[in-house]
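Keep the view open beside you as you read the numbered points.

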Amino acid sequence: MAVAAAHAGAILGDHDHIHPEPQGFIRKYVFSLDAKVIGVQYMVTAFLFFIIAGLLAEIVRTQLLSPNGGFVSNDTYNGVYSIHGSAMVWMVIIPMMTGGFGNFVMPLQIGARDVAFPWLNLISFWLFPVSALILFSSFFVGAPDAGWTEYPPISVQGPPGTSLWALAIFLIGISSTMTGLNFMVTIMKMRAPGMTFTRMPLFVWASLATALLNMVATAALSAATAALFIERTFDVPFFDPARGGSPLLWQHMFWFYSHPAVYIMILPAFGIVSEILPTFARKPIFGYKMIAFSSIAIALLGFMVWAHHMFTSGLAPWLQLPFMLLTMVIAVPTGIKIFSWLATLWGGKIEFTPAMLFSIGFLLVFTFGGLTGIFLSAVPTDLHEHGTYFVVGHIHYVLFGGSVFGLYAGLYYWWPKITGRLMNAKLGVWHFWTTFLSFNATFLPMHWLGLAGMPRRVAQYRPEFQLWNDVETIASYVLALSTLLFIYNAIESLLRGPKSPPNPWNARTLEWQISSPPPYYNFKTIPAVLKNPYDFGEPLPYIGLDRELDGQPPGNGHGEPAPAHA
Amino acid sequence: MAQVTAPQKQGLGPGFWPVTIGLTILNVIISWYIIVTPIFDTFLHLPEAAAPAGDVDALFTYLSVVGNAIFVYVAGYIIYFSIAWRRRASDPPDAIGIQIHDNPRLELWWTIIPSILIISVGIFSVKIWMNLQNQIGDVLTMESIGHQFKYEFRYPRLKQSVYNEAHIPVGTPVTMQVTSGDVIHSFWVPAVRLKADMVPGLVQTIRFTPERIGKYPIVCTEFCGTQHANMVGVLYIDSQQDFGRWLSAQFKAQGQGAGPVNLSQGQATAGQQLFGQKCSACHSVGPFSQKIVGPGLGYLADDPDHPNLVTGEKPTGEGISHVLINGYQGPDNSQGKSGPSLGVMPNRQANGLSNGDIANLTAYLLSLSQKK
């Protein structure tokens, strides 16, 4: 085996496998093949879209200040929330999670020099800004108005931008599929010698489960968006009941992707939190195997529950039962994860860095979002809650409180590794508290508004709902402003931040054992792995690491001793 | 290098049992409160207006008790552990936590207990689901058809449809068959807790038995176009007598309203009052460009930029009355040729306009233009 031989050579100090670093700005930073650069490209691009899609959300909230709306026209409003949802899902969270953290962190954590197919990775990335531009440009021709789910027949009749929407989602879907394949092969084939499955860091486990979902599920979305595009452009009646089509066909295909997609968005956050909690509690992750296997269990179960989004849609009644019960089953592996994280906190020496605060905040709000999910899984209660602000509240608890809190945690955690500079921790703590409080004030009232009868996707609403809508809107302004703290902190750190040592958190996974930022080739010598990485107080379980790279000494640079190493 | 130390006899940490007892007491109090309080009625002003609502609320209460118990424990322990096991200033920089990897017995328990809870939730949900399937309803069988942006109701033997306001008699099991005439809508009566999407080409059935006399909103929860937010109906649960009276009035009205509209009898003052009730949600009395949903109507008869009505007709009394009678759904013909759609306007049935109403409104609209 060539791979095995290369690894053996690496252990013996053979450096033949280090490719020369490309020179010139374009090859280095624009069309780079380096997974780390591509990861940063993903993060920067996705964060830019996060700001745009967040501003769209503020237009939505401003409209809802008054029961009569009136801030923008109904058509503009409908386009704004549709693009807000679509962009947050496909142009922010998924690219940031898999494209950003997956590319930057995962190869480093498995001791690889790059992903398996760097050219494919380059194409995956460049499809992303292209499809995002197509999506946002739909505003110029009439943005899609039927929400991020774009149910036909309304989406078939929708504004011209709906075709651009379908095209954009088709392209980003291709990108996701390719990244899934790429990461799957990378994790299966390119781990450092000795890194068995049970020695993989948990973020790698999460990336593996996500890659599986990306690779298998996205095809259904591509087919659905292609069909929508074809029906709109060439009038082939896939979804028109009058001519033998079915509106429910779209819903099945869309949710066959989009339910797994919620796990595509949340599993990497699980992985990020599973890295951060042990590091700042200075404890091994509790129940490593259960967390790893529950990721896979959730990914597999995630394929079998899509129709729980369709309980009111006209599903055959007997079909409601298996989908309801299978959905409830997912609560068990998810509960196991939450209890394991809770037990990881117990007995720790917990240090409240911004990354840790966001992880703990994640635990709180994600648990709440998971529990409201049970209310939605039971058919009888779902019949009341479906299509209301209860659902809007629920998805924001799992996607903002879950995924975005996970993203912030990951950004604070890996920032020194990515940039080589430290962030202002005090400002980070402020960022956490303002975000955490305003997040809850924004999204918690949505639950009872929905239960009381406020439907989603409305530009006007009944006057009795105004009080809580106003609370939400004002809180959402605070939430938007709190993001400025992060942006300021990031820019300040890039310009004037103190240089980061290789391992500022005294963490034990492989990426922290090389310089910050890592060199082009990641590892001068590919290390061998003896154990899983979470045993604090023990020697590092790696052999053959060249720890004196780039003149940076090991240790965290502010007086703490480095963990002893073999 | 640190030695792998033998596991020490380790307690659960300071305050573990007091906190656990405190959280348990808190849970008992909250659960008791959830069980004895009718949540929907008390906090959301949603009575149980029809039969399956009580069943749905019972399940909701059970889910609230289970969910709340889990959340209080998880959140309580997160906060407590974060405080009790925080790194203190006195800790040496290389202090580490208790190196424990797992505890198979604990993990078994926290798999078994949630599994039991989830199984109980599943059983309860299936039971309520069976109740929903077994609702009787066939005493009054009616249809509701969703349109952009109104609900059409059809009653047995009644020739004309009723729009947006449905009346049903209390105590009579109702079967509502819902479908759509255009895009997907949804039929939701929050006070009944039931919802079915109105899907073109598909008929769904809702069965319920109204129990409380009153007036309850019907809400569309599937995005159906520009005026989705204003697609609201009213479900009147009437006493048997009121319902009988209402229904016989409907039968009497059958075939009426077909006669010609006598425009000469229109009174602008009556029309003004009617405009405030029926039209002003969508139309201003300002210039054309002052849109709410549809255009402003203040210069309807003398606007040089818009010499024609959307139908292509001249803005005479005759032309205006045609729009009021037929509503409007289609392209903008005001420039003489087919233009983009401006949206839709309900017809006289949907707006509930009598012949007299149409004459009065026409008179009022014409008077607006003459004043200026």
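1. Let us begin with a pair of helices: α10(A) and α11(A) run roughly antiparallel to each other, a label used for angles over 145 degrees, whereas angles under 35 degrees count as roughly parallel, 65 to 115 as roughly perpendicular and the rest as oblique. Their axes cross at roughly 160 degrees and come within 9 Å. Axes here are lines fitted to C-alpha atoms, for helices over the stretch in contact, with angles from 0 to 180 degrees between N-to-C directions. Helices (H or I, at least four residues) and strands (E, at least two) are DSSP runs, numbered from the N terminus.

2. Before going further, please note that this is a predicted model, in which local features need pLDDT of at least 70 and side-chain atom pairs count only at pLDDT 80 or more, while totals for chains, interfaces and linings use all residues. Residues are numbered from 1 along each chain as its sequence is written, and chains are lettered from A and ligands numbered from 1 in the order in which they are written.

3. Which way does α10(A) cross α11(A), left-handed or right-handed? The crossing is left-handed, meaning that the near helix is turned anticlockwise from the far one by less than a right angle (clockwise would be right-handed). On the α10(A) side the meeting residues include M290(A), I291(A) and L301(A), and on the α11(A) side they include L326(A), V329(A) and K337(A). By type, the residues of this contact are 10 nonpolar, 3 polar and 1 charged. Ala, Val, Leu, Ile, Met, Phe, Trp, Tyr, Cys and Pro count as nonpolar, Asp, Glu, Lys and Arg as charged, and the others, Gly among them, as polar.

4. Also in α10 of chain A is S295(A), which counts as buried because 26 C-beta neighbours lie inside 10 Å. (Buried asks for 20 or more other C-beta atoms within 10 Å of a residue's own, exposed for 12 or fewer, and partly exposed lies in between; C-beta atoms are placed from the backbone.) Setting aside neighbours within four places in sequence, S295(A) is in contact with W205(A), A206(A), A209(A), L267(A) and F270(A). Contact means C-beta atoms, placed from the backbone, within 7 Å.

5. Now move to helix α4 of chain A, where you will find S82(A). This serine, S82(A), is buried too, with 29 C-beta neighbours inside 10 Å. S82(A) and D145(A) are 63 residues apart in sequence, yet their C-alpha atoms are 5.8 Å apart.

6. How many residues of each chain take part where A and B touch? There are 77 from chain A and 77 from chain B. On the chain A side, α11(A) gives the largest share, 13 residues. That side of chain A divides into 48 nonpolar, 19 polar and 10 charged residues.

7. Stepping back, chain A has 16 helices and 2 strands, and 63% of its 566 residues count as buried.

8. Chain B has 9 helices and 12 strands. The C-alpha atoms of chain B fill a box of roughly 100 × 55 × 35 Å along the principal axes, and buried residues make up 33% of the chain.

How values were computed: Two residues are in contact if their C-beta atoms, placed from the backbone, lie within 7 Å.
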